[in-house]
There are 4 protein chains.
Amino acid sequence: MSRITSERFQEIVRETLPFAASFGAEILELEEGRARFRLPFKGDMTRQGGTIAGPIMMAFADMVMYAVVLSRLPDAVASVTSNLTMNFLRRPGQTAMIAEGRMLRLGRRLAFGEVELFSENDPDMVAHATLTYALPGR
Amino acid sequence: MSRITSERFQEIVRETLPFAASFGAEILELEEGRARFRLPFKGDMTRQGGTIAGPIMMAFADMVMYAVVLSRLPDAVASVTSNLTMNFLRRPGQTAMIAEGRMLRLGRRLAFGEVELFSENDPDMVAHATLTYALPGR
Amino acid sequence: MSRITSERFQEIVRETLPFAASFGAEILELEEGRARFRLPFKGDMTRQGGTIAGPIMMAFADMVMYAVVLSRLPDAVASVTSNLTMNFLRRPGQTAMIAEGRMLRLGRRLAFGEVELFSENDPDMVAHATLTYALPGR
Amino acid sequence: MSRITSERFQEIVRETLPFAASFGAEILELEEGRARFRLPFKGDMTRQGGTIAGPIMMAFADMVMYAVVLSRLPDAVASVTSNLTMNFLRRPGQTAMIAEGRMLRLGRRLAFGEVELFSENDPDMVAHATLTYALPGR
């Protein structure tokens with residue numbers, strides 16, 4: 001079970017990440033070390049051709065990994081991304097995106113995980129991210 | 001000399017990357033294989049503490065590398081990011097950001113380069129990105 | 001089912017990657033788009049403290065991804081690594097390593113996949129790699 | 001000026017990284033936060049076609065960044081690589097390689113830098129690496 005509630009996470013995002021909050025992502029699942037989010041499709045997220053812009057996907061992946069970190073360390077609100085490596089694999093559809101994140105290593109100073117991005121109702125991965133978060137001193 | 005003018009690049013960004021265009025980045029220099037951009041500071045780009053959000057920096061780096069690609073291949077408007085690896089090194093100041101991008105390898109199918117991000121008037125690097133663009137079939 | 005046999009893959013490694021071949025890695029499973037390898041522990045692979053050196057793990061991950069590529073494209077022997085991103089998560093044990101690789105995207109020009117490394121009989125991931133291979137012209 | 005001598009660095013490599021030491025890399029320059037190394041060409045480092053194997057280049061880049069770390073923190077012998085991101089840009093020649101490494105950010109817990117690899121007497125970059133080292137507790 002996640003050590004932070006979905007409601008509390010959304011509150012933190014609104015307070016600390018207004019840019020990300022503006023996307024209106026929904027939390028589908030939040031377990032300890034795991035999260036699944038949904039990003040509704042909006043026209044202003046697109047690049048030419050009507051597909052979701054890369055930076056929006058990066059922001060989405062980053063938010064999901066932040067939730068994964070807080071699902072294990074609810075007090076680590078001050079955690080910050082130190083590395084984000086994103087591979088864009090396919091053009092996403094003109095539809096909502098689903099992100100699945102999981103923690104691969106929670107150390108004393110760093111958390112490392114991966115986030116997979118899909119177009120809703122399509123099994124082919126659209127983008128893959130690995131992220132490292134620097135944890136606040138404990 | 002860049003094979004694309006700054007004016008033409010800004011036009012392409014407005015047409016194809018409306019999300020990035022909304023940041024209002026300025027082109028300081030655009031040479032063949034090299035670009036220097038400035039991102040004015042705006043309050044709505046920030047995360048808590050008033051510093052520029054990571055996803056904004058990623059979008060900025062991505063736009064600069066896109067300019068670097070077009071400075072060599074003015075017709076490669078359909079190029080797309082295939083990898084972006086971003087390392088966040090320091091908290092940026094509450095000020096404009098400067099990005100310096102350069103091409104490290106232009107192949108037949110892929111372009112690879114790096115972008116360094118700074119807070120204006122501060123020599124310490126804030127973030128470092130390497131990017132691979134997939135070029136359209138030629 | 002893999003489109004290349006384990007025997008044929010080992011033969012290719014001996015011919016084209018003598019450095020990697022010298023490690024004596026064993027193929028546990030080779031399916032279409034998936035591979036599981038075992039790297040026996042040898043004293044000369046170690047860094048101080050008796051644990052397997054990082055470059056050995058990178059070479060091992062690279063070989064496993066090469067097998068994953070050939071499991072789908074048996075004729076793509078001339079494929080070469082264009083990006084390897086490796087995250088070292090834990091100190092490995094003084095024991096054999098297991099690598100699990102899978103294809104995440106096979107395009108016309110690029111193959112992208114991930115490889116997870118473990119110490120044998122230990123569920124905690126030791127290292128995580130993502131790799132891009134450039135495929136030969138087809 | 002480097003805070004560690006070339007002789008002391010070579011001694012540490014022999015003691016702690018016997019695998020890397022076996023390559024016989026030479027130190028051309030070692031300054032504070034900067035290093036330039038040369039890797040003599042040997043037949044057993046090659047992959048088919050006689051060019052230096054990718055894992056050898058990764059091991060070389062890793063050693064150079066280790067020297068860069070020690071040039072600033074001579075006592076941080078216990079530093080370990082936490083991320084290595086390598087982009088292979090061109091096939092290297094059948095000749096010695098030159099690596100140029102520099103520190104981009106030295107934090108309290110992490111050091112981040114880049115290493116550029118060239119074939120000797122050829123200005124075109126062969127491979128580019130960014131590396132993060134986790135520093136021992138201070």
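In this predicted model, strand E5 (residues 80-88) of chain A pairs with strand E8 (residues 125-134) of chain A in the antiparallel sense over eight bridges, where strands are DSSP runs of E with at least two residues, numbered from the N terminus, and two strands pair if DSSP finds at least two bridges between them. Residues are numbered from 1 along each chain as its sequence is written, while chains are lettered from A in the order in which they are written. Local features need pLDDT of at least 70, side-chain atom pairs count only at pLDDT 80 or more, and totals for chains, interfaces and linings use all residues.

**Strand E5 of chain A**
- Within E8(A), A:Ala134 is the bridge partner of A:Val80.
- Eight of the nine residues of E5(A) are buried, which leaves the strand mostly covered; a residue is buried if 20 or more other C-beta atoms, placed from the backbone, lie within 10 Å of its own, exposed if 12 or fewer, and partly exposed in between.
- E5(A) is also joined by five bridges to strand E5 (residues 80-88) of chain B, the two running antiparallel, and A:Thr85 stands opposite B:Thr85 in E5(B).

Key: Helix = DSSP H or I, 4+ residues; strand = E, 2+ residues; numbered from the N terminus.
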